[in-house]
Amino acid sequence: MSVDRADLTDRGEDDAVTTLAAATAVTYFPVAPGVRLNVRSGPGTSYPIVNVLSEGAQVAIYCQRPGTTVTGPYGTSSIWDNIAGGQYVSDAYIKTGSDGYIRPRCS
């Protein structure tokens, strides 16, 4: 999918994620096998669950930010991946091939 033009406005994180997706090539990363992954409204386990990803899901990561430390199939991490406006998953459950940040930090 490509977008020819993206207008930058000061309308919040949802628009920032959309603009970032339009400006960069989207790469999808697999969720750990056999896992139904909770998607939260912020970067931590204290944030409400807003969705659950099914087994075998793949996600695009638009930006990342620090949050609650979580141990999962891919190690222990305090990095949280923004997969859509206001939706975060722990990087410990996403196979990114790295223990560190792979995308810009969310603003």
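A residue counts as partly exposed when its relative accessible area lies between the 20% under which it is buried and the 50% over which it is exposed. In this predicted model, R65 has a relative accessible area of 23%, so R65 is partly exposed.

R65 sits in strand β5, which spans residues 63–72. The side chain of R65 makes a polar contact of 3.1 Å with the side chain of Y88. S78 lies 13 residues from R65 in sequence, and the C-alpha atoms of the two are 8.3 Å apart.

Along the sequence the elements run α-β-β-β-β-β-β-β. Among contacts with a separation of 6 or more, 50% are between residues 24 or more positions apart.

The interior comes next. Of the 107 residues in the protein, 34% are buried. In soluble globular proteins, nonpolar side chains tend to be buried together. The largest nonpolar core here has 13 residues, and those touching the most other members are V31, L37, L53, V59, I83, V89 and I94. Apart from this core there is another, of 6 residues, including C63, V70, Y88 and C106. Y88, a member of that 6-residue core, is also the polar partner of R65.

V89 belongs to the largest core. Neighbours within four places in sequence aside, V89 is in contact with L37, N38, V39, L53, I79, W80, D81, I83 and I94.

Methods:
Residues are numbered from 1 along each chain as its sequence is written. This is a predicted model: local features need pLDDT of at least 70, side-chain atom pairs count only at pLDDT 80 or more; totals for chains, interfaces and linings use all residues. Side-chain values use heavy atoms; hydrogens and water are left out. Helices (H or I, at least four residues) and strands (E, at least two) are DSSP runs, numbered from the N terminus. Buried means under 20% relative accessible area, exposed over 50%, partly exposed in between (1.4 Å probe, protein chains only). A polar contact is a pair of N or O atoms within 3.5 Å; within protein, one must be able to donate a hydrogen and the other to accept it, and residues adjacent in sequence count only if both atoms are side-chain atoms. Contact means heavy atoms within 4.5 Å. A nonpolar core is a set of buried Ala, Val, Leu, Ile, Met, Phe, Trp, Tyr and Cys residues joined through side-chain atoms within 4.5 Å.
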